[in-house]
Amino acid sequence: MSAQCHRVNVIDGHMAALRVKLARAAEPAELRQAFESFTALPQELHLPSAPARPIVVRDEPDRPQPRLDRDAGGV
């Protein structure tokens with residue numbers, strides 16, 4: 001696997017543009033499941049400021065818009 005990430009500052013939160021090259025082709029549903037089920041150490045430690053889902057997959061055609069979704073996790 002090879003990955004690149006570019007962080008983009010915006011008024012509310014931040015956005016990341018990611019490009020990932022996988023060893024094998026992956027179906028969109030498989031990628032979606034991987035993103036939706038991802039957790040990391042902050043979630044395992046139940047840190048009070050850690051969102052339950054650090055990656056949120058949105059299907060709306062007008063996304064991403066951090067200003068509209070900044071409070072989606074309720075944290």
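Visitor: Is Arg63 buried or exposed, or partly exposed?
Guide: In this predicted model, Arg63 has a relative accessible area of 22% and is partly exposed.

Visitor: Which residue forms a salt bridge with Arg63?
Guide: Asp62 does, and the closest N and O atoms of the two are 2.8 Å apart. Asp62 counts as partly exposed, at 39% relative accessibility.

Visitor: Why can such side chains pair?
Guide: Side chains of opposite charge can do so when their charged atoms come close.

Visitor: Which residues are linked with Arg63 in a network of salt bridges?
Guide: The network links Arg63 with Arg58, Glu60, Asp62 and Asp69.

Visitor: What about Arg58 and Asp69, then: how do their side chains meet?
Guide: They meet in a salt bridge, at 2.9 Å from N to O.

Visitor: Changing topic: which residue forms a salt bridge with Glu30?
Guide: Arg24 is the partner of Glu30, and their closest N and O atoms are 2.5 Å apart.

Visitor: What are the relative accessibilities there, for Glu30 and for Arg24?
Guide: Glu30 is partly exposed at 34%, whereas Arg24 counts as exposed at 53%.

Visitor: How many salt bridges are in the whole structure?
Guide: A search of the whole structure finds 7 salt bridges.

Conventions:
Residues numbered from 1 in each chain as written. Predicted model: local features only at pLDDT ≥ 70, side-chain atom pairs only at ≥ 80, totals over all residues. Heavy atoms only, no water. Salt bridge = Lys/Arg side-chain N within 4 Å of Asp/Glu carboxyl O. Buried < 20%, exposed > 50% of the residue type's maximum accessible area, 1.4 Å probe, protein only.
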